[in-house]
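Open the model in your viewer and keep the selection panel at hand.

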Amino acid sequence: MAIEWHLRVNRRFTLHEAVDLTRVRLADLLGQPDAPPPVRVVEASAERRRGGPGVPLPADALDRVAEPAGLGADVDFFLEIPEWRAGALLSLSEFLPGVDDPEAGVFVWVTSQHDPASQVLSIAACVAFAECADSEVVDEYGYLAKTRTNSPEALLYQLRVTSPVESFTAAADLVLSRTRLRRR
């Protein structure tokens with residue numbers, strides 16, 4: 001079963017803003033606010049999906065705007081931290097475009113790889129994108145909390161490391177120990 005979360009876009013933001021905030025929220029989650037790790041954005045190519053090297057996203061791709069009114073075209077990309085071998089797939093898509101339905105709109109889907117570093121990166125991306133989109137994180141399978149929807153602030157507060165730890169691995173394990181995700 002895939003590990004994924006989604007959220008609805010309720011406010012306009014650029015992908016660049018959300019990716020930058022992902023770095024900050026990752027550092028916050030790990031209890032290392034002074035040292036956000038470098039997060040690389042690469043195309044979601046078939047080769048990358050199979051674990052191959054990613055091609056950096058064109059510079060102007062992160063200037064794209066996500067807004068409740070629409071995207072124009074779906075956007076898929078990977079966030080990765082090569083040193084940690086961590087990756088998260090993000091997909092922005094419009095559901096039922098042009099239809100006057102309360103369930104229609106633009107949504108962000110975050111899918112994690114199964115390793116701990118990727119899971120923590122994916123959680124940080126969910127929190128950051130939800131903050132930028134003025135949304136709650138929808139956690140259908142209850143991986144992160146006991147409720148189906150959670151504010152990004154509540155998730156950050158609940159999952160973050162608050163005391164110093166000796167390594168990234170220990171910090172990631174602490175974050176994941178507060179979830180229902182399996183640690184390998």
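Axes here are lines fitted to C-alpha atoms, for helices over the stretch in contact, and angles between N-to-C directions run from 0 to 180 degrees. The model is predicted.

Select H1 and H3 together. Their axes come within 8 Å and cross at roughly 130°. Angles of 65 to 115 degrees count as roughly perpendicular and those over 145 as roughly antiparallel, so H1 is oblique to H3. The crossing is right-handed. Now show side chains. On H1, the contact residues include Leu15, Val19, Thr22, Arg25 and Leu29. On H3, look for Val120, Ala124, Ala128, Phe129 and Cys132, among others.

Is H3 enclosed or open? 18 of its 18 residues are buried, so H3 is largely enclosed by the rest of the structure. Step just past the helix to Asp134, which takes a positive phi of about 55°.

Now select the largest nonpolar core, 57 residues. Trp5, Phe13, Phe77, Leu79, Leu90 and Phe129 touch the most other members. Strands E1, E5, E6 and E7 each supply at least two residues of this core, as do helices H1, H3, H4 and H5. H3 gives the largest share, 13 residues.

Finish on Phe77. Set aside its neighbours within four places in sequence, and its contacts include Leu15, Val19, Val41, Leu57, Leu90 and Phe129.

Technical notes
Residues numbered from 1 in each chain as written. Predicted model: local features only at pLDDT ≥ 70, side-chain atom pairs only at ≥ 80, totals over all residues. Heavy atoms only, no water. Buried < 20%, exposed > 50% of the residue type's maximum accessible area, 1.4 Å probe, protein only. Helix = DSSP H or I, 4+ residues; strand = E, 2+ residues; numbered from the N terminus. Core = buried A, V, L, I, M, F, W, Y, C linked by side-chain atoms within 4.5 Å. Contact = heavy atoms within 4.5 Å. Parallel < 35°, antiparallel > 145°, perpendicular 65-115°, else oblique. Left-handed = near helix turned anticlockwise from the far one by under 90°.
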